[in-house]
Amino acid sequence: MSLFKWSSAHSVYLPEIDAEHRAIYRIGDELHKALLAGAAPARLQPIVANLLETAEQHFRHEERLMRAIHYTSFAWHKGQHDSTRKRWRALAKRIAGGDTDATGELLQFLSEWLRGHIGVADRMMSARLRNYLRFNTSLAS
Ligand SMILES: [Fe+2]
């Protein structure tokens, strides 16, 4: 079963955010496939690094957008990002230390977290952003 299959059900109806989510799903799937194929830790680590960096850049982008529109649920949304960052960093440390179970744990956690976060927090944020864009032609990105 694929843990990272992006579909239109994950859309938040903002093309640039959807594109970033798709990139995270694509790298997550690459890591999952490498893990299933029995890739060595040295081969998994650069994919993990790419996944976490791509996710970090995406979080920062969302946070910039939310700040730009003075989004009232910013602290709550960023709190979700921050607790996830903490969890990822702990798992990345274990992966770097050669813990072979940690990659699977990261994938499972990320897959579940993304489903919940995109479905609720990101949808709420994007509804507010789309509403903002209706009255303002540009948005800092
Ligand atoms: Fe988010």
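The axes of helix 3 (residues 74-96) and helix 4 come within 11 Å and cross at roughly 170°; the axes are lines fitted to C-alpha atoms, for helices over the stretch in contact, with angles from 0 to 180 degrees between N-to-C directions.

I noted that the model is predicted, so that local features need pLDDT of at least 70 and side-chain atom pairs count only at pLDDT 80 or more, while totals for chains, interfaces and linings use all residues. Residues are numbered from 1 along each chain as its sequence is written.

I then looked up the residues of this contact, taking two residues as touching if their C-beta atoms, placed from the backbone, lie within 7 Å. By class, the contact of helix 3 with helix 4 has nine nonpolar, five polar and three charged residues, where Ala, Val, Leu, Ile, Met, Phe, Trp, Tyr, Cys and Pro count as nonpolar, Asp, Glu, Lys and Arg as charged, and the others, Gly among them, as polar.

Next I turned to helix 1 (residues 15-36) and helix 4 (residues 100-135), whose axes come within 11 Å and cross at roughly 165°. Helix 1 and helix 4 are likewise roughly antiparallel to each other. Among the residues that meet here are Ile24, Gly28 and Leu31 in helix 1 and Leu107, Leu114 and Ile118 in helix 4. I recorded eight nonpolar, seven polar and one charged residue for the contact of helix 1 with helix 4.

For the protein as a whole I found four helices and zero strands, these being DSSP runs numbered from the N terminus (helices H or I, at least four residues; strands E, at least two). The C-alpha atoms fill a box of roughly 50 × 25 × 20 Å, taken along the principal axes.

Last I looked up Leu65, whose place is in helix 2 (residues 41-68). Leu65 counts as buried because it has 22 C-beta neighbours inside 10 Å (buried needs 20 or more other C-beta atoms within 10 Å, exposed 12 or fewer, partly exposed in between). The C-alpha atoms of Leu65 and Leu129 are separated by 7.9 Å, although the two are 64 residues apart along the chain.

Key: Angles under 35 degrees count as roughly parallel, over 145 as roughly antiparallel, 65 to 115 as roughly perpendicular and the rest as oblique.
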